[in-house]
Amino acid sequence: KMAAAAGAAAAAGLWSEVNRCGQNGDFARALKSVNKILQINKDDVTALQCKVVCLIQNGNFKEALGIINTHTKVLTSDVIAFEKAYCEYRLNRIESALKTIQSASQQTDKLKELYGQVLYRLERYDDCLAAYRDLIRNSQDEYEEERKTNLSAVVAAQSTWEKVVPEDLGLREATYELCYNSACALIGQGKLNEAMKKLQKAEELCRQSLSEDSDVTEEDIEAELAIIHGQMAYIMQLQGRTEDALQLYNQIIKLKPTDVGLLAVIANNIITINKDQNVFDSKKKVKLTNAEGVEHKLSKKQLQAIEFNKALLAMYTNQADQCHKLSASLQSQSPEHLLPVLIQAAQLCREKQHAKAVGLLQDFADQHPANAAEIKLTMAQLKIAQGSVTKACMILRSIEELQHKPGMVSALVTMYSHEEDIDSAIEVFTQAIQWYQQHQASQTRGPKSPVHLSLIREAANFKLKHGRKKEAISDLEELWKQNPKDVHTLAQLISAYSLVDPEKAKVLSKHLPSSDTMSLKVDVDALENSHGATYVRKKAAKLTGDNQQKEQGQGEVKKKKKKKKGKLPKNYDPKVTPDPERWLPMRERSYYRGRKKGKKKDQVGKGTQGSTTTGSELDASRTASSPPTSPRPGSGAAVSAASNVIPPRHQKPAGAPATKKKQQQKKKKGAKGGW
């Protein structure tokens with residue numbers, strides 16, 4: 001009895017210590033006292049609960065959850081449901097936390113708060129929104145502002161990831177968190193300018209709020225503003241201001257924020273700016289996306305985008321195996337997603353395996369008909385790159401939901417025209433027009449839509465351009481029927497009928513307006529003097545007094561310019577008959593016998609320097625009989641061009657300059673005299 005009394009007294013003292021430490025926030029010391037109590041009574045429910053709370057406060061979630069699981073008989077779900085669910089939530093076991101909350105017999109306010117957080121992490125935004133609305137409606141305590149912040153975060157997530165138009169919650173944006181969430185919702189709607197203003201307001205509120213605390217430094221403020229600045233940079237990137245965005249992103253990275261999720265998003269955005277350039281910087285930034293805990297900080301779509309960019313970076317850095325591995329993994333995770341198969345096809349094309357890429361895309365289109373349109377467009381692009389335009393047209397025409405679209409019709413007609421397949425081009429026009437006729441007949445009997453009329457107009461013009469006037473008649477009649485006042489269409493119709501049915505053309509010509517009604521009030525002088533006119537009338541010069549008199553009189557005969565008599569050469573002899581061939585070049589005259597001097601000059605320099613002449617040029621018998629032309633003394637034997645011969649451009653026979661000068665003088669004199 002005395003031992004039991006002593007134990008009870010010791011336990012009472014320990015409980016007092018636990019209570020005092022709990023009020024002071026010293027949970028480490030409280031845990032020691034709780035452990036002593038459990039040594040006295042290991043199944044004390046209150047002591048076990050206190051131990052779990054102390055471990056949670058100290059951040060030992062795994063140990064706390066272990067104690068809960070080992071004492072299930074004592075710590076039932078009714079007793080410790082919240083603590084168990086919270087430990088699972090903090091250990092990122094979100095599905096287990098949801099089951100624990102749902103299995104609790106009583107839904108306390110604490111469990112409802114945690115339930116909202118769990119739904120947000122599971123991206124069940126509709127259920128989460130309903131949970132927070134219920135909490136705000138039925139709670140009145142000091143945490144109302146935090147609940148409104150969480151509610152605005154849910155709306156922002158819906159706008160960003162589910163493209164849901166957010167409803168006006170009527171929340172007063174008095175805190176920077178609410179302003180930031182409102183800006184995120186605006187970004188999801190594409191209202192970037194409004195979102196930037198909200199972020200600027202959030203930055204201002206954040207500075208005001210934190211500057212009131214004397215213990216907060218400027219570095220702490222910048223760290224808190226990092227997420228706001230990151231969102232500002234994202235808006236700049238969406239607006240095409242990539243340089244400004246890149247500068248702001250790098251400033252945030254230099255601050256080394258502790259939020260791994262923020263760093264991962266910024267690194268991913270920098271990689272998207274770099275694309276296939278600056279790949280070494282992108283490789284460094286990829287490491288930030290692989291930090292521990294990133295997968296628990298970001299949404300599924302954010303993580304998926306990061307993985308897509310990793311695969312693209314592997315492709316840009318020529319890591320073919322890594323690219324195939326990443327894209328195949330992504331395709332297995334998201335079988336219906338387009339990007340993984342497109343990345344694989346792009347990598348195969350880089351490896352010059354175009355046929356395999358087309359086959360991969362075709363298999364995906366067959367398995368996922370809902371996404372077949374985009375895949376087939378890519379297949380057509382690959383076929384065009386290979387030069388198979390006709391096959392590309394066949395693929396495009398197999399996309400039924402796009403056959404009638406003006407862009408598709410234009411592309412097909414252009415491609416068929418390039419291949420000179422006019423019949424197929426006309427068939428494309430016909431099918432598109434028939435689709436609009438059937439579609440309009442099923443909805444309304446009113447006038448044809450502008451797109452329908454535009455297609456008919458383009459079809460008619462195309463047929464007329466390629467000489468198919470007979471086929472263009474029905475289209476032109478339809479257009480004229482829709483607008484009888486269209487003179488241009490009527491003129492085209494008459495032109496087409498003139499080849500087929502002249503009588504019909506005459507009848508239709510009566511509908512043309514008369515020439516009087518079609519006369520245009522045109523200032524001919526202004527038109528002729530306008531910029532770009534092929535003919536411009538010269539303005540008449542103003543007549544002075546003397547000129548006026550000449551104009552009024554009979555006029556004067558214009559003076560004829562006298563031709564100057566040509567000067568005769570100094571050696572001109574009128575008794576000698578001029579040479580009748582004097583106007584012909586010397587080489588073309590009948591008595592020209594070729595140049596007498598410089599024969600060897602023609603031989604020297606034939607070929608590269610250092611080469612020797614060959615053949616008859618080295619025939620000693622020929623050169624010996626001819627008089628020497630070289631200024632150097634020596635016998636009449638042949639001389640090698642490779643010996644001490646002066647380069648051809650400098651070699652001149654004796655007396656050549658004087659002779660040349662004399663000839664030039666004679667030629668010049670003869671020219672003066674006209675001989």
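Glu-142, Glu-145, Glu-146, Glu-177 and Glu-224 form a negative surface patch. A patch takes residues with over 30% relative accessible area and no salt bridge, like charges being joined within 9 Å. A salt bridge would be a side-chain nitrogen of Lys or Arg within 4 Å of a carboxyl oxygen of Asp or Glu. Asp and Glu count as negative, and the charge of Glu is placed at CD. Areas come from the Shrake-Rupley method with a 1.4 Å probe.

This is a predicted model, in which local features need pLDDT of at least 70 and side-chain atom pairs count only at pLDDT 80 or more, while totals for chains, interfaces and linings use all residues. Residues are numbered from 1 along each chain as its sequence is written, and side-chain values use heavy atoms, without hydrogens and water.

One member of the patch, Glu-146, lies in helix α9, residues 144–161; a helix here is a DSSP run of H or I with at least four residues, numbered from the N terminus. Glu-146 is partly exposed because its relative accessibility is 43% (buried is under 20%, exposed over 50%, partly exposed in between).

Two loops each hold an asparagine with positive phi. Asn-278, between α14 (260–274) and α15 (279–289), has a phi of about 50° although it is not a glycine. Asn-278 is partly exposed at 48%. Asn-318, between α16 (300–316) and α17 (320–333), has a phi of about 60°, and at 61% Asn-318 counts as exposed.

Helix α26 covers residues 487–500. Its 14 residues should span 20 Å at 1.5 Å a residue, and the end C-alpha atoms are 20 Å apart, which agrees; the expected span is 1.5 Å times one less than the number of residues. Buried residues in α26 include Leu-490, Leu-493, Ile-494 and Tyr-497. An α-helix has 3.6 residues a turn, so residues three or four places apart point the same way.

Terms used
Buried < 20%, exposed > 50% of the residue type's maximum accessible area, 1.4 Å probe, protein only. Patch = residues over 30% accessible without salt bridge, like charges linked within 9 Å, V, L, I, M, F, W, Y side chains within 5 Å.
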